[in-house]
Amino acid sequence: MDIIIWLIVAISLTWFMSSVRSSLSTYTLSFAALMVIGTFLDIIGFVSWLLFAVIALPLNIDSVRQQFISMPLLALFKKIMPQMSTTEQEALDAGTTWFDADLFRGNPDWTKLHNFPKPRLSSEEKAFLNGPVEELCAMVNDWEVTHEHADLPTEVWQFLKDNKFFAMIIKKKHGGLEFSAYAQSRVLQKLTGVSSVLSSTVGVPNSLGPGELLQEYGTKEQQDYYLPRLVVGDEIPCFALTSPEAGSDAGAIPDTGVICHGEFEGKEVLGMRLNWDKRYITLAPIATVLGLAFKLQDPDHLLGDIVELGITCALIPTDIEGIAIGRRHFPLNVPFQNGPTQGKDVFVPLDYIIGGPEMAGQGWRMLVECLSVGRAITLPSNSAGGIKTVALATGAYSHIRRQFKLPIGKMEGVEEALARIGGNAYLMDAVTTMSTGAIDLGEKPSVISAITKYHLTEKMRACVIDAMDVHGGKGICMGPNNYLARSYQGAPIAVTVEGANILTRSLIIYGQGAIRCHPYVLAELQAANNPNNEQALSDFDHALFGHVGFAISNISRSLWCSLSGSRFVPTPFNDETRRYYQLLSRFSANLAMLSDIAMLALGSDLKRKERISARLGDVLSHLYLASACLKRYNDEGREADDLPLLKWAVEDSLYKIQVAIDELLHNFPNKWLAATLRLIIFPMGAWLSLPKDTLDHTVARILQTPSPTRTRLGQGQFLTRNNTNVFGRLEQTLEDIINAEPIFDKVCKALNEKFPFYQLDVVAEKGLAAEVISSAEAELLVKAEQGRKWAIAVDDFDSSDIENKKAT
């Protein structure tokens with residue numbers, strides 16, 4: 001009996017020490033104490049002590065452990081791990097980790113999440129949104145922009161310049177607005193609801209471009225000259241990175257610059273002769289100053305001993321001889337200014353390098369550092385804003401439009417689509433808020449930016465397709481009153497730019513996340529690449545044994561959470577969200593365990609097993625998306641009426657985590673190891689499901705019924721109620737229809753006849769004649785009928801009107 005009790009205590013101690021991630025010395029001392037107790041109980045003898053000493057002493061004596069364990073493993077690690085390139089190292093060094101690291105490490109601190117301050121707008125930012133942004137939205141007719149002009153009108157361009165829309169990112173000392181990342185996101189969300197051409201035009205100069213690069217790396221002379229000119233629109237910037245041979249693999253750009261002497265403005269100077277061929281460059285056709293990325297060479301050693309200096313960024317006025325701009329791409333009928341640019345034997349002084357000659361070869365670091373911020377703002381915000389507006393519009397249309405004598409929004413098939421739109425609109429706004437909030441706290445979240453760019457653009461595409469399905473024929477017929485078609489056409493643009501989504505998912509999210517967020521892998525890689533052997537061994541030893549303890553801990557946590565259903569995991573709230581925190585903690589431990597085992601089992605092959613990497617990235621991504629929803633719910637006061645939106649978003653994410661893990665295990669190369677992992681993670685089988693039909697029904701009702709919850713869902717969008725704003729007009733029509741319904745029912749009941757819900761003006765006449773409704777009620781029926789007919793109408797044209805005479 002004593003032996004059984006001792007073994008139970010030993011197993012419990014092992015589990016506890018693993019779960020709390022005790023240090024090696026604490027682990028050893030605890031077991032030594034247990035061995036002493038076993039000796040007094042005559043359970044532990046000389047052989048057991050000898051075995052304990054053989055294991056414990058080498059592990060706890062640094063010199064012995066390093067010489068006989070860590071050194072051979074370091075040598076093996078160097079052989080199996082690929083050499084890290086300079087560009088890979090710079091990409092890893094760029095940016096920071098944030099709550100994504102907590103999620104990756106298996107034991108997220110939910111109190112920490114909720115203690116991050118809620119992003120807020122300053123009074124100046126609120127005034128800008130309620131003033132110039134509102135006015136700008138009222139100026140833009142998307143049909144005219146996309147079909148008639150293929151550009152923003154001249155007065156809109158001037159308004160953008162006059163009100164510093166291109167200077168949200170530029171600091172006040174240079175005349176800019178210096179808005180927070182959160183405010184920039186709110187501006188872009190509102191603009192996207194009106195026109196994606198408009199939001200793209202505003203978003204790009206405030207994202208990765210000359211403005212940000214100049215502020216971060218430019219010389220004082222460059223800043224003092226260019227930034228004030230960018231603020232007032234005297235300069236229109238673009239940034240040229242993508243080449244025909246280098247799209248997502250931006251580091252492979254073939255464009256070159258050669259350091260040489262030449263003549264510039266009548267003087268002999270040391271400069272660069274540049275040759276480039278770029279495409280997909282937003283604002284390039286009208287740019288006055290070109291940010292250019294190229295590979296700089298110094299074959300004559302005019303700067304130093306290095307010939308291949310590497311990727312460099314320079315600022316080039318577009319009126320220099322040899323530069324070709326002006327031609328345009330035509331991306332899927334969303335004609336924002338985008339096009340190619342070429343340069344042939346363009347000579348400029350070295351001072352045109354952003355940051356001056358000393359920044360030669362530092363361009364890749366500059367780009368990846370800036371991209372880690374801009375990537376989390378522009379495209380995610382555009383996607384979220386577009387879907388917020390689409391959610392309200394589709395909900396309104398679903399209540400207004402009737403088939404089979406009832407609003408189509410009451411049909412379960414339509415409810416399913418509405419639920420996806422509404423739940424994802426809630427999630428997408430939560431993610432942009434949390435991510436931009438991290439930026440405003442000083443973070444440069446490279447992994448988070450990849451997650452948000454990929455998932456929010458994908459969700460935008462899926463939601464637009466759902467909205468098109470709900471609208472049916474109205475959605476596919478172009479015209480001034482079609483508020484979906486351009487979003488449907490343009491969805492692949494957001495999916496494609498700033499790195500194709502396929503590669504973002506399969507290579508970047510987990511590829512960077514595994515190294516950046518893991519507490520030990522980056523240290524191991526750095527040790528393996530350290531030429532100082534003594535320091536490398538010391539660093540590798542420390543990281544290796546920390547990694548071992550970390551791995552054991554996550555195996556223990558995963559098993560315990562599986563067996564206990566994670567019901568003993570502490571949570572910050574003891575309400576309906578409790579299980580969500582517990583399940584996310586469980587899956588976080590699973591991710592940490594799976595990552596370590598995948599890296600151990602596959603080694604460097606994991607980089608080539610893109611679908612394994614992608615599924616691990618999916619787990620990390622959906623952990624982050626669900627966490628953002630929980631934070632939003634808490635930050636907004638835990639409104640009970642908003643709970644259906646939260647539940648839908650989190651349950652959808654949890655289900656997708658389960659699917660990702662299940663597919664990973666099903667396709668894991670080592671089948672025996674996969675079976676073992678499945679027993680640990682899913683001992684009772686996979687059990688989570690997509691949100692229930694009843695929850696879909698509730699979310700669909702929210703989209704179709706005016707309420708504070710629905711208002712919060714569409715908060716910040718351009719919904720001003722006038723006849724020139726289709727979304728404001730839809731909101732008014734929805735309200736009129738809902739107010740007209742009881743009047744309609746009263747007439748039907750009084751006349752003992754069930755009229756169809758159209759020709760409400762005729763119903764009004766009959767109600768007045770029967771003296772069962774007032775004149776005010778009759779007027780409301782007439783107004784509702786006018787709005788109803790407008791809402792369901794489909795644009796039509798004379799043949800000559802749709803001939804493509806202007807837009808090319």
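## Close-up views of a predicted model

View 1. As in every view here, the structure shown is a predicted model.

**View 2. The surroundings of Leu-781.** Leaving out residues up to four places away in sequence, Leu-781 touches Ala-740, Ile-743, Phe-744, Leu-760, Asp-761, Val-763, Ala-764 and Ile-773.

View 3. Glu-731 sits in helix 30 (residues 726-751) and forms a salt bridge with Arg-710, with the closest N and O atoms 2.7 Å apart. Because Glu-731 lies in helix 30 and Arg-710 in helix 29 (residues 708-713), the pair ties together parts that are 21 residues apart in sequence. Both Glu-731 and Arg-710 are buried; for Glu-731 the relative accessible area is 9%. Once neighbours within four places in sequence are set aside, Glu-731 is in contact with Leu-392, Ala-396, Arg-710, Leu-719 and Arg-721.

View 4. Glu-663 belongs to helix 26 (residues 643-667) and Arg-615 to helix 25 (residues 610-635), so the pair ties together parts that are 48 residues apart in sequence. Glu-663, at 34% relative accessibility, counts as partly exposed.

**View 5. A salt bridge between Glu-124 and Lys-172.** The side chains of Glu-124 and Lys-172 meet in a salt bridge (2.8 Å, N to O). This pair links distant parts of the chain, 48 residues apart: Glu-124 is in helix 8 (residues 123-139), while Lys-172 is in the loop between helix 10 (154-162) and helix 11 (181-192). Glu-124 is partly exposed, with a relative accessible area of 37%, and Lys-172 also counts as partly exposed, at 46% relative accessibility.

**View 6. A network of salt bridges.** Five residues come into view here: Arg-186, Lys-388, Asp-429, Arg-632 and Glu-636 are linked in a network of salt bridges. The model has a count of 28 salt bridges.

View 7. Most residues other than glycine have a negative phi. Phe-404 is not a glycine, yet has a positive phi of about 55 degrees; its place is in the loop between strand 8 (402-403) and strand 9 (406-407). Ser-566, also not a glycine, has a positive phi of about 60 degrees and is found in the loop between helix 23 (533-564) and helix 24 (578-602). Phe-404 is exposed, with a relative accessible area of 72%, whereas Ser-566 counts as buried at 1%.

View 8. Ile-502, Leu-503 and Leu-507 make a nonpolar surface patch of about 270 Å². Leu-503 is found in helix 21 (residues 501-516) and counts as partly exposed, at 31% relative accessibility.

Methods. Residues numbered from 1 in each chain as written. Predicted model: local features only at pLDDT ≥ 70, side-chain atom pairs only at ≥ 80, totals over all residues. Heavy atoms only, no water. Helix = DSSP H or I, 4+ residues; strand = E, 2+ residues; numbered from the N terminus. Buried < 20%, exposed > 50% of the residue type's maximum accessible area, 1.4 Å probe, protein only. Contact = heavy atoms within 4.5 Å. Patch = residues over 30% accessible without salt bridge, like charges linked within 9 Å, V, L, I, M, F, W, Y side chains within 5 Å. Areas by Shrake-Rupley, 256 points an atom, 1.4 Å probe, with all protein chains shown as cover. Salt bridge = Lys/Arg side-chain N within 4 Å of Asp/Glu carboxyl O.
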